[in-house]
Structure formats: C-alpha cells, structure tokens
Amino acid sequence: MEFEELNVEVFNDKKLSNGNARKNHFLGRVKLYGSQFVRRGEEGLVYFTLEKKSVFSWIKGDLGLKIYYYDEIAEEPPQEEEAPPPQEEQQQQAPEEVMKKPVLVVLEEPPPPSMQFPTTHHVAMDPRQHSPPMVVRFHEAPPHENGHGHGPPPENGPPPPPGFSPDLRKMQMGSNGMPAPPPTMDGERVKVMRRPSNGDYSPRIIAGKSAGDTSERFQAFDLVEPMQYLFVKIVKARGLSQNENPHVKIRTSGHFLRSKTAVIPPGTDSSANPEWQQVFALGYNKETAANSTLEISVWDGGASEKFLGGVCFDLSDVPVRDPPDSPLAPQWYHLEGGATAAEDQNRISGDLQLSVWIGTQADDAFPESSSADAPQPFVSYTRPKVYQAPKLWYLRVTILEAQDLHIIPNLPPLTAPEIRVKGQLGFQSARTRRGSMTHHTSAFHWNEDLFFVAGEPLEDSLILLIEDRTGKDPVLLGHILIPVGSIEQRINDRHVAPKWHSLEGGPGGGGGSYCGRVHLRMCLEGGYHVLDEAAHLCSDFRPTAKQLWKPAVGVLELGILGCRGLLPMKSKGNGKGSTDSYCVAKYGKKWVRTRTVTDTFDPRWNEQYTWQVYDPCTVLTIGVFDNWRMFAEPGGGGEEKLDCRVGKVRIRVSTLESNKVYMNSYPLMVLSRSGLKKMGEVELAVRFACPSMLPDTCGVYGQPLLPRMHHLRPLGVAHQEALRGAAARIVAAWLARSEPPLGPEVVRYMLDSDSQSWSMRKSKANWFRIVAVLAWAVGLAKWLDHIRRWKNPVTTVLVHVLYLVLVWYPDLIVPTGFLYVFLIGVWYYRFKPKIPAGMDVKLSQVDRIDPDELDEEFDTFPSSRPPEIVRARYDRLRMLAARVQTVLGDFATQGERIQALVSWRDPRATKLFIGVCLAITIIMYIVPAKMVAVALGFYFLRHPMFRDPMPPASLSFFRRLPGLADRLL
C-alpha cells in the first residue's frame, strides 16, 4: 500500500449550474501517497492545497480529507479440489533441478483456509518465457515435506523503502527501466521479489578507494569491505547425562568462548534437555583456518566441572552462506567423548543441536551474536543496535479562567490576590503570569498558553496546580490530574473546544469538598516538528502527524569503515593503554550504533546503514565513543561509568552529489580544558541515492523549511529553545532504557545540547563569520576606490565606457547584473569542494584560543571557579560589553542624524537641506536624467588631480547634524 498513489480531482457539475458554469470545469487536484495513510481510529481532517495544471491556472483553495485504512477479512467459500496444472506437476516431478540454481519465478501463494486476499495472490510464471533482470533474482526455498515444489516466497528479502515517488522507484529498478508486470486477466497482481542490493585537521580521500562511482544500480553492503566470520549457533541439547548447570565451550586455534547459562524448558525439571539459543561470531581468515578445527564441547557448570561430550568440525568443510540465502537449519550432532577415560565415556550421552556456517557482517545473525573479545558479563553492551527515537508531541494547554476559588480572607486593603497556575509534566514545569480579576465577578482570567513536550507512549499525566502567592508562602487552592493520552490531538489550526474541570484538594485538605473549577483548552499539536537538536543542525523537519508527511526524495547510505590512530582512553596495566571504541550515527528518528571493537587503536567495523531522506537540506551526525559501560559493576552497584567522547563529524546531505560514493577520512577532534586534541581519524563512505534533477527533489528547495503550523502559530525563539532541551532529555531517557543502552552523555553530545552556552571562543568565531560574509562588500569598495584613484588607467577607462552604455541603455542594467552573477558561479565551479567538509579548526577559533577563555567555556553553571577568577572574567566581560555598547551607540547616532535632516532640531541645517532638495528638484525637471547620471558618474570617477584630499562638503554637513547622545544621563 505504501507504493500506491491516490489522486483526488475536484470538478464543477455543469448540470446544476443553470448554464452559468465556465467552460473549464476542473477545480483542482490533490495527489497523496500510501505513506500518508493511517489506520482507522488515528485519522483526522487534513486540508490539502489544490494543485494547478499550469502556472497560469486560476485554481486555488484547499480540500479537506479524512483518509484511513482498515483490514477486511473475507470468508473463502468451500471449493472443490481441482487437479494440479501441468506446470505444478512438472515442478513436483523434478524439485531437485529447481533447487540447484536461482530462478526468476513468481510463486503462487495459497491463502489460509479461513481468509482470502484476492489482490495479493501470486501467479506462477514460466522462467523460460521471460529473461530475468539481475535485480529480481532470488533463490527458491526447498520443497515442503508434503511433496509440493512451491510455497510462499522468502520473507527475508527487504522491501524497497516506503514513500518514494514513482520516478525515484524507477531509478532504483536499474537503468533498463523494466516495468512491473501487468495485472492478470483475473484481476490478480504479480509480485516480483527483488534481490537485496549486495595529524591533519582536514578530511582527506582514502587512498585506493573508488570514490567517484555514480552508478544508479547499487548492492547491499557495497560501501564497506566484507569481513568474514565463523558463525556458531547453539540451539539446545537432549539426553545429556546427569548434570547441574550445563554450558557450552567453543574453541578454535585463535578463539575461546563460553556460552551463557542454560535455560530449562518449561514443564521439565531435568537439566538433560537444556536450551541456549545463542549465536557466536568468530573472526575467520580463510588462509589461516585451512587446517584448523572447531571444537564445541558441553560441560557441567556445577561444583566439579566435568566434561559431558563434544563435537569437532573441520573448518575447510563449513558451508558459506550469503545474505540472500535462507538461514542454515540447525542439525542434531551426537556428542562424543574423544580421548577421555573409560569411566568418563560411560557418562557421555545425548545430542547437541547446532549450526555452523561462514558469513559476513551482512548476515542476519550478526547483530545479536557474541564476539570473542567482548567481556562476558556485559556482552550486550558491545553489540550493534538500531534505535528508534520516540514520537514527540507539543502539548498546548491554554489557561482561560478559574471560578469559585477559595481565596484566603482578610487580605490587606487595596491588595489583589496573586493567583497563578503551575503545570507539571514529568520533569517539565511552567507557570502562568498573575491572573487578572474583574470587579463584577470573582473569576480570574489568564488566556495564556503553556507548552510541554510529550513522548509516546502517552502514559504520563499532566498536573495543574492553582496557587495563591499573595503571602510569603504559596497556598495550594486546588489541583487537576489529566492523563495525556486522553487529550485531543489535532494536526492543523482548527478550533478546539474548551472544557471546565473541577479542582481537587483545596486548602482544607478535604478530598470531597468543592474547590472551584478551571476553564482549559488542551490539545496535542501534530502539525509542529518537535525540535530536539539545533535548527541549523537538524536532520529532520517532518511534523509529528504522519498524515502530513511528504514522500521521501532519496536514500542516504552510510558505510562506517573504521578508525585509524586512536589515542589510548584507559589504562590496561603495565603502562599500556587501550581503547574500546564504537561509532554512533544519527539522522532523523533513527539512531544506529556499531559493535564495540575492544583493545585496538585501529578498529574496523565495516557496517552499513541506510536512512530515508525527506529533505536534502539536513545534517547527518557521526560520533565515536570509548565504551566504559561494559566495565560497570554487575547488578548496577558502584559508580556509574560514562562513555568518553572521541570525536564527532557532521555531513550536510545537500552537499552530496546524487548517486556518488564519497570515501573519506575525517579527523576526530575533542576540545577540552587543556585545549584541542586530535584523537584519530574515522573512515566513512557516504552516498545519497537520489535522481539529481527529479522535480520532487528540486521542489523541496522552494518549500518552507518547517511545517505549516510553525508559520500559522509560531513559537518564540526562547520558548522553542526551552522545549528543545526538554525534548533532548526525553530522547536521552528513552534511549537509555534500550539494550544496550545509549547513555545520556552520548545523546547530549550527538544532539549538541550545550550549543547555547556562553563561550568567548564562539563569539569570536561568529564575529569573524560576519566579517567573512561582508568581505565581498569590502572588496567591492576597495575596487571602486582603486578605480576612482586611477590606479589602473586602462580599467578606469573601461569602467567609464561601461557606465556610459548602461546609462544610455538602462534596460541592460538588470540583465548585465544577473549575467555577472552567472559568470561568477561558473568561475567558482573550479573551486567547488571535492569532498564533504568536516569540522573546521580555523573557523572554530580553536587554533589560537586563550587558556583562560577555554577554562571559562567549560565552567559549570553556576560557576565553580574561585571568586577572584570569576571577578576577573566579569571585568573582562564588562570591557567587551562596553565596546559593543559604543558600537550600538554609533549606529543609533547615524540614524538620529538622518532624522535630524527634516526634524528642525538644527534649524539652519534643515533650511540648507530642504533648499538643496528644492534645487535638485528643479534641475531634475529641466535637465534630462541621463545627463545628470553621466555628470554624477564622471564626477565620482574624476582623476585624483581634480580631487581635494579633505572630506567632501556633504559628508562634513552630515557629521555636523545633531544626535540624541547629548541627552543621555
């Protein structure tokens, strides 16, 4: 359904218009995608702008739609059994031939006996009638035990990403553009399965890597190097001899692993049939493992550890499995005793169910496998993981009024009670201003909005407290407890009806007494995008409500290759250091974490991840961390160990060319109290799979950055920053509950939560950014000054000629300006960046930073420094503020002098100014405008021999005008 398109067209019925209808009765069109549909019960009224057929169309307006879907189960009538078709008989006669080679075949999937889905049946196709494309090739599963040679298609093939437009899906099918098979005569659809697509401070291109591939036909895990692993899956055992706590040991020439504690199946008390259900991944090298063996043994973990049997495998005979293949079925192996004593041979009995194969990091079992170098108590802390951030909502609570409040009597004369409403949602708290009270009634009015951030599942409750803060201590007049899940949701700016709520728990403390009531309007805003990161670093701008999502414009693929030259982060003993690093990448709501490679300074991950891109003007963030949580005390006791940051890289998606692979090495830098330190380099491969000139992709640049509600009912900057901090805390708390947990220190670093803190270094960096932006204006002024001073007479003469042409033909001014901008853009094409930029040390002003300023940047709030240091920093800040104050005063003075030209504050100056204005008016009426323009231009470009080195009279006149600075105290 996600690939379906719904077109809704609006027409005018001419039959009901009494002959007054226009000739063109088309009123507009709305195009929707399957990714915007929601289940029944989650729908809402959404207004879509009617699309025009052309730019000159008069169509306008919105169309309100409420769209949802539900599953309908149809009873299948009993049918008589029919003879199998000849093609099915042919498949039953020779199933072995079908299994030998991959065949392009669309299998018929028989429906369950209790339900029928006519639109999803698969029709068998003869592979000899169609030449199969490469992208739809798959291996057929082995026949079932009942003898049928066909069955349901494999489910492990990943479907194409949802939400793409038809042009983008056409690009992903390949350059041959093979269309999907048409529907059959019976109205059934043909489903085709696709085969999964198989130190310096500046970033640099990785040598020996192909970084210029712009092919549109991609394979899975083609951005990283394949790494072979020996996978061992221990399922269960049966018929073991008497034991207490059996476990499995795995040993090769270079690895030794031990399984977790066995699980006794429910309903059995004996440990003779334990279960493990555990997968191990051991590094595999084909050259060194040619003559090696794999030993899998079962041991009793009781007081006296004893051998219960084992199995040996020759690694040269282990099968190899590729990701398109189905998982290898585990088999039973009889346990043997080997060279044990005779009495021990009698104790060895039973079978062990396991499977062994050789695969890569693309294997389905790799994310949940246990590696040989991971610490056993906390193996889960080292595994790769994909996290999904919670769905966040803005909760708007409008406090309208309150009535029948039990105000404290005997207030002093002329003293109005100070009644405020305080709202709490989890750790968030907000308070209204003082309520206004009318003279005719005892009601208090606010009409004020309180905003909170709520995360799904909406299990928290909103607490509203009515407080009387007239006295020294606040007095609680009543409270309300409202479950967030019961609050109405809206996705546009429609009106939400307010409701009256009774207060509980008044000053008397009685639970059943009436304490008053409060008038509230509450709603969960689905039309906003809840910011959890800075707006200029945001990775997603979609609103909360899924109905408002636009289709994706591309796919972002990231290959995390590894790191080089990492510094030691912890002491290993004997004066040696070690680093246990892992990488985290964040884009949109999807967070990914690689496995932890222990005790190495050059870790290799070679893991690849993908994201759907809905807006190319977004940022991908990659961070590297050193794992300390895997060494935490068992049971959670002791001091909590936090993961240390190693470095961070940001890549803006819009700077990537379409379908081009970038393989670069980026420096990892950390700024601490001691200064800038390069921690190593991270190697990344990035590709943005997207048609370069697709209309949907180019049309994004003309659309608003934030959703519609941000413009209809905008939030204040300070208010939005406070909500961003709350959203970041909610995301950090959610990811900390995962397994393995993603620590709050990691989430804060990735979201750049402390970007708004004061820093002298950042202030200087922003100042130099402004200077760099205005550098072109300064350069243009210098060039004009050189022209005026005739530094290059030839250039000055050419400027005179060009000026005459433009004055005589003013229609050429605008085209000439745009042509000049076009030529500048073509000229700078030679200097366009070859690779995505990383962190800029010079731009960040960390190469020449003062140690005291750096210490101030990392100071806590409130400050933890000694009073004398805080006093010195305060004095320095006062000096800087004095300079800013002087600059602001100068700007104000220039504006006041312009106002003084006609304000008669200086009568003589105003008389002179209006007299000159009258003279200029008379001259412009008499003399042609072109002659005046030529005279002014030539006067401005006159030779230095005709110039006076003193300032001109007009500038001297302006500087003499009065300002208002002399009136300041």
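In which loop is Gln845 found? Gln845 sits in the loop between α12 (813-828) and α13 (851-857), where helices (H or I, at least four residues) and strands (E, at least two) are DSSP runs, numbered from the N terminus.

This is a predicted model, in which local features need pLDDT of at least 70 and side-chain atom pairs count only at pLDDT 80 or more, whereas totals for chains, interfaces and linings use all residues. Residues are numbered from 1 along each chain as its sequence is written, and side-chain values use heavy atoms, with hydrogens and water left out.

**Backbone features in loops**

Although Gln845 is not a glycine, its phi is positive, at about 60 degrees, and the residue is buried, with a relative accessible area of 9%; buried means under 20% relative accessible area, exposed over 50%, and partly exposed in between (1.4 Å probe, protein chains only). Trp790, which lies in the loop between α10 (775-788) and α11 (793-808), also has a positive phi, near 55 degrees, in a residue other than glycine, but Trp790 is partly exposed, with a relative accessible area of 24%.

Pro457 belongs to the loop between β20 (444-455) and β21 (461-468), while Pro740 is placed in the loop between α7 (717-736) and α8 (744-751).

| Cis peptide bond | Omega |
|---|---|
| Glu456 and Pro457 | about -5 degrees |
| Glu739 and Pro740 | about 5 degrees |

**Two open sheets**

Four strands form an open sheet in the order β8-β7-β10-β11, with antiparallel pairing, two strands being paired if DSSP finds at least two bridges between them. At its edges stand β8 (256-258) and β11 (306-314), each of which pairs on one side only. Neighbouring strands of this sheet are turned by 15 degrees against each other on average, direction ignored; axes here are lines fitted to C-alpha atoms, for helices over the stretch in contact, and angles run from 0 to 180 degrees between N-to-C directions. Strand β7 (residues 246-251) is joined to β8 in the antiparallel sense over three bridges, and Lys249 stands opposite Arg258 in β8.

Leu27 belongs to strand β2 (residues 26-33) and is partly exposed, with a relative accessible area of 27%. Leaving aside neighbours within four places in sequence, Leu27 is in contact (heavy atoms within 4.5 Å) with Val10, Phe11, Asn12, Leu50, Trp58 and Ile59. The C-alpha atoms of Leu27 and Gly61, which are 34 residues apart along the chain, are separated by 9.0 Å.

**The largest cavity**

On a 1 Å grid over the protein atoms alone, a cavity is a set of points where a 1.4 Å probe fits but cannot get out, and lining residues have an atom within 4 Å of a point. The largest cavity holds about 70 Å³ of space, and the residues lining it are Leu32, Gln36, Phe37, Gly44, Val46, Phe48, Leu65, Ile67 and Gln547.

Terms used
On a 1 Å grid over the protein atoms alone, a cavity is a set of points where a 1.4 Å probe fits but cannot get out, and a pocket is an open set with protein on both sides within 12 Å along at least five of seven lines; lining residues have an atom within 4 Å of a point. Grid points are joined across faces, edges and corners, and a volume is the space filled by probe spheres set on the points.
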